Amino acid sequence: GIKAANEILINSGNVNIESYDDAIHANNDGGTLENGENPTGHVIISGGNVVISSNDDGIHADGNLYIKGGNVDIKKAYEGVEGVYITVSGGSLSVVTTDDGMNATSTSGAAVTISGGRVHIYAGGDGIDSNSRTSKGAIAFSGGDTVVISTSRGNSAIDSDGGYNHTGGRVIAISPTGAMTNEMTDGNTIGRT
């Protein structure tokens with residue numbers, strides 16, 4: 001689809017991608033750019049309408065992935081959005097996947113932060129997956145409206161190695177019976193579904 005050796009910024013317009021591999025992918029392979037700087041691997045979406053169908057990742061950032069505004073509709077993907085850190089502060093994100101809907105690879109800090117906007121995930125794997133081991137801080141909900149559905153008994157709507165923190169916003173997480181028991185024990189105010 002769209003691939004960059006450094007960073008991808010989408011501020012406006014209409015972007016429609018059907019791809020066999022990642023639809024949007026920003027690299028950070030450790031090399032040096034022609035201007036001598038190191039690539040960030042960030043993907044930043046702050047406006048526009050982005051519609052994606054992919055056989056692999058919908059949006060993949062080797063660095064951080066930010067959704068600040070606009071409308072992102074991932075109609076089909078293996079994994080929806082993946083980055084070291086994932087931050088949703090505005091706009092709308094809709095994801096349909098056969099595996100994880102949102103996958104943050106950092107092993108420390110709030111790898112997933114949702115502070116605003118609307119997030120709707122329908123996943124065949126984990127809905128929101130944070131690999132951070134930070135106690136009660138691997139996922140931070142502080143605003144917005146989040147609805148996450150996982151259809152797999154072997155996965156969870158919210159999966160976190162370190163737990164989550166909920167200080168604001170509305171969160172609905174749905175999984176098949178028995179799928180969310182371990183992942184939900186290290187959180188605070190979100191009830192089990």
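How many aromatic pairs does the count come to? In this predicted model, the count comes to 1 aromatic pair. The rings involved belong to Phe141 and Tyr164, with centres 6.5 Å apart and planes at 70 degrees; planes over 60 degrees apart count as edge-to-face, so this pair is edge-to-face. Phe141 is part of strand S15 and Tyr164 is part of strand S17, which covers residues 164-174, so the pair ties together parts that are 23 residues apart in sequence. Phe141 counts as buried because its relative accessibility is 1%. Tyr164 also has a relative accessibility of 1%, and therefore counts as buried.

Confidence comes next. The pLDDT of the protein chain averages 91, and 91% of the residues score at least 70. Over residues 181-185, however, the pLDDT is below 50, and this stretch has 11 contacts in the model beyond near neighbours in sequence. Residues 189-193 also stay under 50 in pLDDT, with 13 contacts in the model beyond four places in sequence.

An open sheet of 7 strands runs in the order S1-S4-S6-S8-S11-S14-S16, and its pairing is parallel. Strand S1 (2-4) and strand S16 (158-160) stand at the edges; each has a single partner strand, so one side of each is left without a neighbour in the sheet. From one strand to the next, the twist averages 5 degrees. Within this order, strand S4 (residues 24-26) pairs with strand S6 (residues 59-61) over 3 bridges in the parallel sense. His25 stands opposite His60 in S6.

Strand S7 (residues 65-77) pairs with strand S10 (residues 92-97) in the parallel sense over 5 bridges, and Asp73 stands opposite Ser94 in S10. S10 also pairs with strand S13 (residues 118-123), again in the parallel sense, over 6 bridges. Here Val96 stands opposite Tyr122 in S13. Strand S3 (residues 14-19) and strand S5 (residues 43-54) pair in the parallel sense over 6 bridges, with Asn14 opposite Asn49 in S5.

In a regular strand, side chains alternate between the two faces of the sheet. Which residues of strand S3 are on the covered face, and which are on the uncovered one? Val15, Ile17 and Ser19 make up the covered face, while Asn14, Asn16 and Glu18 make up the uncovered one.

Val15 can be taken as an example from strand S3. With 16% relative accessibility, Val15 falls under the 20% limit and therefore counts as buried. Leaving out residues up to four places away in sequence, Val15 touches Ile2, Ile10, Asn49, Val50 and Val51.

Ala123 counts as buried because its relative accessibility is 1%. Apart from residues up to four places away in sequence, Ala123 touches Thr97, Asp99, Asp100, Gly101, Ile149, Ser150 and Thr151. Ala123 and Ser156 are 33 residues apart in sequence and 9.2 Å apart in space, C-alpha to C-alpha.

The nonpolar packing is described next. The largest nonpolar core has 41 residues, of which Ile24, Val43, Ile59, Ile74, Leu93, Met102 and Ile128 touch the most other members. Strand S7 gives the most to this core, contributing 5 residues. What does Ile59 touch, not counting residues up to four places away in sequence? Ile59 touches Ile24, Val43, Ile45, Ile52, Leu65, Val72, Ile74, Gly80, Val81 and Glu82. Two of these contacts, Ile24 and Val43, are themselves named among the core residues that touch the most other members.

Lys136 lies between strand S14 (128-130) and strand S15 (139-150), in the loop that joins them. The phi of Lys136 is near 50 degrees, a positive value in a residue other than glycine. Is Lys136 buried, exposed or partly exposed? Its relative accessibility is 44%, so Lys136 counts as partly exposed.

Technical notes. Residues numbered from 1 in each chain as written. Predicted model: local features only at pLDDT ≥ 70, side-chain atom pairs only at ≥ 80, totals over all residues. Heavy atoms only, no water. Pairing = 2+ DSSP bridges. Helix = DSSP H or I, 4+ residues; strand = E, 2+ residues; numbered from the N terminus. Buried < 20%, exposed > 50% of the residue type's maximum accessible area, 1.4 Å probe, protein only. Axes fitted to C-alpha atoms, helices over the stretch in contact; angles between N-to-C directions. Core = buried A, V, L, I, M, F, W, Y, C linked by side-chain atoms within 4.5 Å. Contact = heavy atoms within 4.5 Å. pLDDT = per-residue confidence, 0-100. Phe/Tyr/Trp six-rings, centres within 6.5 Å; stacked < 30°, edge-to-face > 60°.
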